[in-house]
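This briefing goes through a protein model by topic. Keep the sequence and the 3D view open while reading.

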Amino acid sequence: MAKGWWFRFSFLAALVIGALMAVTPTFLNLKDDSSFPVKSKINLGLDLQGGLYMVLGIDFNKVYRDEVTGYARKTIATLKDIGIEATLGTLNTSDAKDPKHSIVIAKESDLEAARAKLKEFYAYPLRLTAEEGTTLTYGLGREFTKEIEDTALSKSIEVIRNRIDEFGVTEPEIVSQGSDRIVVQLPGVKDINRAKDLIGKTAKLEFKFVNDNIAPTALNEWLEKVKKAGIEYKKGERFSDYVRQINDTLRADLPAGNEIAFAKTVNKVTNDITNLEPYLVESTASLTGEELQEAVVRIDQQQNRPYVGLEFKPNGAKIFENITGANIGKRLAIVLDGNVYSAPVVQGRIAGGSAQITLGAGDYNATMTEARDLALVLRAGALPVELVFEEQRVVGPSLGADAIDKAQVAAAIGSLLVLAFMCFYYKLSGLIATVTIVLNVLFTIAILIGVGATLSLPGIAGIALTVGMAVDGNILIYERIREELAIGLTPFEAVRVGFEKAFWAIADANITTALAGICLLNFGTGPVRGFAVTLLIGICTTVYTSYFVSKVLFEMYVGNGERKKLSI
């Protein structure tokens, strides 16, 4: 035996045992409660096991409105810093894609200075669209609008990925489609409604003080006025659009800086809104979810009910302490996605930066699930835009089963033909090649399971390509050995020299393929990345099995040089 053979053989034996243990739960379909020490199974992609395919459209119109309104408020604050008094004008949303907001300068004599100041600070995000007397009307700049769309799209993908990662889906695929769509594929997801709820929830958390100076009768009169105007919530309509219509209609009636929000009661079976409790709240939030540090589910020991505990960042904690200290006796509404979750009365200054969101009554398990989902979306962050489910398809398991069956048949026939040819052409040495190719596939699948990668149809193609490369590597080695035997070397020397001469040819072929695989992995998406992952893993196992494993077996075959002839 060559020097170090026993060490290399022992290492190979350990790898084979480890790989067999890794693939056993998958191929024997062991249950999770099995006593077998390894539990992991291979993850199958959407095309093999079925799952959920969704196309989400992005509603940029609300983003445009929020941005132009936000900049209108900023400009007023900027003008105030230099001694120019200005007030917020009206928001014109007749063109939803290009909303405009006006700013009213108090003194005509300040008009020129105000215009110059705004041009200096806000020339990029805003453009002046109209000027009438002391009223300046601004819309969003064209380039800034494009920047908003790009940022919102990329951030939405990031937030959705964070939420799905916490949801526990392995290898989800989330990619943009054009400038206003996101494609989401969730392999193996069965609870479709919960997945949609998690993905689509905007999770915009706001703390707003309730205006209790207005009598409830006035609030009811306003809502009656809205009803007479024909504004009613219709099932299937966006609730945020309904609330916005109400506030637009009552703009002249509501106190300045106030708006109406609702606490919704929803039937969790039919998803119908069964009750709406109105609140008159401040338009501007005193604290937002951007200051949130953590959101966790806790249990109220007195009522034995789950709630969501909130912890704010240091700056948020300071703001929370200040606003609660300055507004003792007032109700502070916790508003999530425009829905008032609760409005407790501030009993005193709240230090430490902690708050909680209580959930409605009902089944304990359902409330616990709601609390977990709510904490999850709060931790993952708010979506910057509102998403619309434009397309939803459930890929049935029968498609995956058919694909797996056909792939297994094709792989079995192809492998048998190749291995039969190797045994026929290279005789006993062909059997060694067969063993190395089988080990190659075994190691590839074991690594896929070990790293938690997902196997899809392109991944199966990558394994087939790997088998082809492994066969090619064995042929390179065997032909070199044949050449050395032809010039009269002994089998022991022919094997040693043949492996040495074939090494760089095998390495060159695999390195160039690996470079292509790295490019596919970095620049590809979805199935292309799945193919690249399988290919790169396969290249590593091919080099190891074709050269090192094959060499160990050949050294065992030729022994210490006593064999006079090779079957090759």
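This is a predicted model: local features need pLDDT of at least 70, side-chain atom pairs count only at pLDDT 80 or more; totals for chains, interfaces and linings use all residues.

With which residue does Asp 98 form a salt bridge, and how far apart are the closest N and O atoms? The partner is Lys 100, and the closest N and O atoms are 3.2 Å apart.

**Salt bridges**

- In the whole structure, a search finds 20 salt bridges.
- Side chains of opposite charge can pair when their charged atoms come close.
- Asp 98 and Lys 100 belong to a network of salt bridges that also links Arg 127 and Arg 142.
- Asp 98 counts as buried because its relative accessible area is 9%, and the cut-off for buried is under 20%.
- Lys 208 pairs with Glu 206 in another salt bridge, where the closest N and O atoms are 3.7 Å apart.
- Both partners are buried: Lys 208 has 5% relative accessibility, and Glu 206 has a relative accessible area of 12%.
- A further salt bridge joins Glu 311 and Arg 298, with 3.7 Å between the closest N and O atoms.
- This pair links distant parts of the chain, as Glu 311 is in strand β14 and Arg 298 is in strand β13 (residues 292-300), 13 residues apart.
- Glu 311 is partly exposed at a relative accessible area of 24%, and Arg 298 is also partly exposed, at 33% relative accessibility.

**Cysteines**

- The structure has 0 disulfides.
- A disulfide is a covalent bond between the sulfur atoms of two cysteines.
- Cys 519 is partly exposed, with 43% relative accessibility.
- Cys 423 is likewise partly exposed, with 28% relative accessibility.

**Helix α9**

- Helix α9 covers residues 314-326, which makes 13 residues.
- From its first C-alpha to its last, α9 reaches 18 Å, close to the 18 Å expected at 1.5 Å a residue.
- The buried residues of α9 are Gly 316, Ala 317, Phe 320, Ile 323, Thr 324 and Gly 325.
- An α-helix has 3.6 residues a turn, so residues three or four places apart point the same way.
- The buried residues of α9 pack against the strands β9 (205-209), β12 (287-288), β14 (305-312), β15 (332-336) and β17 (354-358).

**Two residues and their contacts**

- Gly 200 lies in helix α6 (residues 192-200).
- Leaving out residues up to four places away in sequence, Gly 200 touches Arg 163, Leu 383 and Phe 389.
- Gly 200 and Leu 383 are 183 residues apart along the chain, yet their C-alpha atoms are separated by 8.3 Å.
- Asn 474 is in helix α12 (residues 457-486), where it is buried with a relative accessible area of 0%.
- Again leaving out residues up to four places away in sequence, Asn 474 touches Met 422, Ala 433, Thr 436, Ile 437, Ser 546 and Ser 550.
- Asn 474 and Lys 427 are 47 residues apart in sequence, and 13 Å apart in space from C-alpha to C-alpha.

**Surface patch**

- Val 409, Ile 413 and Leu 417 make a nonpolar surface patch of about 300 Å².
- Ile 413, one of these residues, is in helix α11 (residues 397-451).

Definitions and conventions. Residues are numbered from 1 along each chain as its sequence is written. Side-chain values use heavy atoms; hydrogens and water are left out. Helices (H or I, at least four residues) and strands (E, at least two) are DSSP runs, numbered from the N terminus. The expected span of a helix is 1.5 Å times one less than its number of residues. Buried means under 20% relative accessible area, exposed over 50%, partly exposed in between (1.4 Å probe, protein chains only). Contact means heavy atoms within 4.5 Å. Patches are made of residues with over 30% relative accessible area and no salt bridge: like charges are joined within 9 Å, nonpolar side chains (Val, Leu, Ile, Met, Phe, Trp, Tyr) within 5 Å. Accessible areas come from the Shrake-Rupley method with a 1.4 Å probe; for residues, only the protein chains shown count as cover. A salt bridge is a side-chain nitrogen of Lys or Arg within 4 Å of a carboxyl oxygen of Asp or Glu. A disulfide is a pair of cysteine sulfur atoms within 2.5 Å.
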